[in-house]
Amino acid sequence: LIGYEEVRYTRGTSTYTDKREFYRDEFLNIPLHGQRQGSASFTVPADTMHTFRATDNKILWKITLEGDIPLSPNLKEEYEIEICPAPRRER
């Protein structure tokens, strides 16, 4: 699970986009000869930002799947996911 920020800005006549990772957690690691299917769950820490999109600023989250496969091309897939804000608690 990876959380990162994207910031777009203009300097002169050029536009740039910077990306900065602020969260990373490996929540599943299956050995080479382990099971090849299943499910997993994760918890997003309460003190991190939910998904956010504005004109020049974004907070994005993705799940990355990586695998070393002998005698085959390695696996690396990324899936962007939406993290919703936590519900407000009543006082």
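Trainee: What joins β3 to β4, and through how many residues?

Mentor: A hairpin joins them, through 3 residues. Please keep in mind that this is a predicted model.

Trainee: How many bridges join β3 to β4, and in which sense do the strands run?

Mentor: There are 2 bridges between strand β3, residues 52–53, and β4, and the strands run antiparallel. Phe52 stands opposite Ile59 in β4.

Trainee: Let us return to Ile59. Is Ile59 buried or exposed?

Mentor: Ile59, which lies in strand β4, counts as buried because its relative accessibility is 12%, and buried means under 20%.

Trainee: Which residues is Ile59 in contact with, leaving aside its neighbours within four places in sequence?

Mentor: Its contacts are Tyr4, Glu5, Phe22, Met49, His50, Thr51 and Phe52, once those neighbours are left aside. Phe52 is also the residue that stands opposite Ile59 in the pairing of β3 with β4.

Trainee: How far apart are Ile59 and Glu21 in sequence and in space?

Mentor: They are 38 residues apart in sequence, while their C-alpha atoms are 9.7 Å apart in space.

Trainee: Turning to the whole protein, how many helices and strands does it have?

Mentor: It has 0 helices and 5 strands, so the pattern along the sequence is β-β-β-β-β. The radius of gyration is 17 Å, well over the 12 Å that the globule rule gives for 91 residues, so the protein is more spread out than a compact globule.

Trainee: What box do the C-alpha atoms fill?

Mentor: Taken along the principal axes, the box is roughly 50 × 50 × 15 Å.

Trainee: What percentage of the residues is buried?

Mentor: Buried residues make up 16% of the 91 residues. The accessible surface comes to about 7,900 Å², and 48% of that belongs to carbon and sulfur atoms.

Trainee: Finally, how far apart are the mean positions of the positive and negative charges?

Mentor: The mean positions of the 13 positive and 15 negative charges are 4 Å apart.

Technical notes: Residues are numbered from 1 along each chain as its sequence is written. This is a predicted model: local features need pLDDT of at least 70, side-chain atom pairs count only at pLDDT 80 or more; totals for chains, interfaces and linings use all residues. Side-chain values use heavy atoms; hydrogens and water are left out. Two strands pair if DSSP finds at least two bridges between them. Helices (H or I, at least four residues) and strands (E, at least two) are DSSP runs, numbered from the N terminus. Buried means under 20% relative accessible area, exposed over 50%, partly exposed in between (1.4 Å probe, protein chains only). Contact means heavy atoms within 4.5 Å. The radius of gyration is taken over C-alpha atoms; the globule rule is 2.2 Å times the number of residues to the power 0.38. Accessible areas come from the Shrake-Rupley method with a 1.4 Å probe; for residues, only the protein chains shown count as cover. Lys and Arg count as positive and Asp and Glu as negative; His and the chain ends are not counted. The place of a charge is taken as NZ of Lys, CZ of Arg, CG of Asp or CD of Glu.
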